[in-house]
Each structure stands twice: as structure tokens, then as C-alpha cells.
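Subject: Structure for your review

Dear colleague,

Please find below the structure that I am handing over to you.

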Amino acid sequence: MRLNPQQRAAVEHERGPLLVLAGAGSGKTRVITARITRLLEAGLNPGAILAVTFTNKAASEMRERLGSSVGTEAASKLWLSTFHSFGVRFVREEAKALGLGSRFTIFDQGDSLGVVRELLKTESTADRRLDAQAVLSRISLWKNAMLRPEEIRAKADDYDQAAKSIYEAYESALTGMHAVDFDDLVTKPVGLLRARPGVRHKWRTRFEHILVDEFQDTNVAQLDLVRLLSNERGNV
């Protein structure tokens, strides 16, 4: 793989955190792929590498590139996915610790909207005329900022007020249905890793290197997840 001097320096970086700043189309993803290849060629266990990106397409393309350079078997053992796909694997493995049991449901957008619409009809302080998607979007923003219902300081507009009024009921409804929504796939791992040192130690010792594509796009919950998964070596 042809690399310029700056790219090569990033690929060959040994230990500790590293931030690559470069414009669109300048080869950042190529650097991540080349770095993973170098780590594997140095003998690192593929299962000790976590690489996250923001779309399933990007993750698939990265795995395909790695399959060409290190072989499909090694590439298949990498933890290479989006944040939310990683969260699915985490939540399934830690379902008991999260209080979900083995038969929980992952709600899609339509499922979550259905819950919000029902709450807008039944909660006395809500307004059923409001757009459910806009209300759900506000709840999603708060969840990804790791704000609990009691921590919300809603603005005066109708949508913020409605979202605040049903946020706690929305969370309770999910719990009652043994369900998690899309945002929970990141926020629940963060909450568990914060609260349970034993679980945090298990996951931190699992990964020796974490690589994040398009790091500038991480929200609060995603950044917290990276921090909590990073061990004392800080190989991010």
C-alpha cells in the first residue's frame, strides 16, 4: 500500500493515543486499514482490535480491504463495525447485567415512534397534535448527551416541553417491553461500563487497540464509550 510520509508515520505509530487530522479524500480510512494490517502482521490477535466507523457501508469496505491484505479469516475476527453494531454485540453479551434477559427486543425507528405517539395521546401534559418524529428526535439528542429525564432543562417551545413530559414514560415503556431503542445500543454500554468496574475491566482488557474513523463526528455517548473501552495504554 503506497503511503506518503505523514500517512506512514501514523501507520507506524507505536503506543498511546494518535489523532490524524486531514481533509476529505486524503486517505484517512486507508491509514486505518494500513495500521490494522501492520498490527496483525506484528502478531496482534485480531480479536484485540476494535475499529469503528459511522456507516455499515464503510465498515464493509474496510473489512473487504483488510481481507485482501491479511486474509478473510483474520479480517472476520476483527471487531470492525459501526458504533451501534458494536453496541448490539455488547448488549447481547451483557444482557443479564443490563437487566434485559436473553429475549430482549431492539426497536427500530418505527417501533420507537409508535411508543411516542401513544404517549402523546395518553400523557396529560403532552399534545397529541405535535409531530412524533420531532419529539423523538429531542429525546434522542438528550439520550446521546447522556442526560437522564430528571436532568433535562427544556426550552419553552412546545416540542421540548412535550419531549420532557414523556421522556421518563418512554424509558419506562421500553423497560416494560424488554426493549432497547437505537440510542440505547450506545448509551446502555456506556452506563454499564461506568457503573460496573468488573465489566469495564473485562472489556478494557479485551481490546489492545481502538481505531475510530471520522472521529470528529462522535457525539457525547460515543466519545464516552471510546474512553471507557480504552485501557491504561490508551492505544486509540
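This is a predicted model: local features need pLDDT of at least 70, side-chain atom pairs count only at pLDDT 80 or more; totals for chains, interfaces and linings use all residues.

Three strands make up an open sheet with parallel pairing, and their order is β2-β1-β5. The edge strands, β2 (79-82) and β5 (209-212), each pair on one side only. From one strand to the next, the twist averages 15°.

Strand β1 covers residues 49-53 and is joined to β5 by four bridges. Within this pairing, Ile49 has His209 as its bridge partner, and Ala51 stands opposite Leu211. Four bridges also join β1 to β2, where Leu50 is partnered by Trp79.

Is β1 buried or exposed? Five of its five residues are buried, so β1 is largely enclosed by the rest of the structure. In a regular strand, the side chains alternate between the two faces of the sheet. In β1, Ile49, Ala51 and Thr53 lie on one side, while Leu50 and Val52 lie on the other, and all of these are buried. Both faces of the strand are therefore covered, given that buried means under 20% relative accessible area.

Helices on the sheet

Helix α3 (residues 56-70) lies across β1 and β2, and runs at about 155° to β2. Helix α5 (residues 83-93) also packs on the sheet, where it touches β1, β2 and β5; its direction makes about 120° with that of β2.

In soluble globular proteins, nonpolar side chains tend to be buried together. Here the largest nonpolar core has 29 residues, and those with the most contacts inside it are Leu50, Phe86, Leu193, Trp203, Leu225 and Leu229. The elements that give two or more residues to this core are β1, α5, α9 (184-195), α10 (197-206), β5 and α11 (220-229). A second, separate core has 20 residues, among them Leu119, Leu130, Val135 and Ala162.

Trp203 deserves a look of its own. Apart from neighbours within four places in sequence, Trp203 is in contact with Trp79, Phe86, Phe90, Glu93, Glu94, Leu193 and Leu229.

The pair α5 and α10

Two packed helices are described by the angle between their axes and the distance between the axes. How do α5 and α10 cross, and at roughly what angle? Their axes come within 13 Å and cross at roughly 135°. The crossing of α5 and α10 is right-handed. The residues that meet are Phe86, Phe90 and Glu93 from α5, and Val199, Lys202, Trp203 and Arg206 from α10.

A loop residue

Phe182 is found in the loop between β4 (179-180) and α9. Its relative accessibility is 48%, so Phe182 counts as partly exposed. Which residues does Phe182 touch, leaving out those up to four places away in sequence? They are His84 and Phe107. The C-alpha atoms of Phe182 and Gly87 are separated by 9.3 Å, although these residues are 95 apart along the chain.

Yours sincerely,
A colleague

How values were computed:
Residues are numbered from 1 along each chain as its sequence is written. Side-chain values use heavy atoms; hydrogens and water are left out. Two strands pair if DSSP finds at least two bridges between them. Axes are lines fitted to C-alpha atoms, for helices over the stretch in contact, and angles run from 0 to 180 degrees between N-to-C directions. Contact means heavy atoms within 4.5 Å. A nonpolar core is a set of buried Ala, Val, Leu, Ile, Met, Phe, Trp, Tyr and Cys residues joined through side-chain atoms within 4.5 Å. Buried means under 20% relative accessible area, exposed over 50%, partly exposed in between (1.4 Å probe, protein chains only). A crossing is left-handed if the near helix is turned anticlockwise from the far one by less than a right angle, and right-handed if clockwise.
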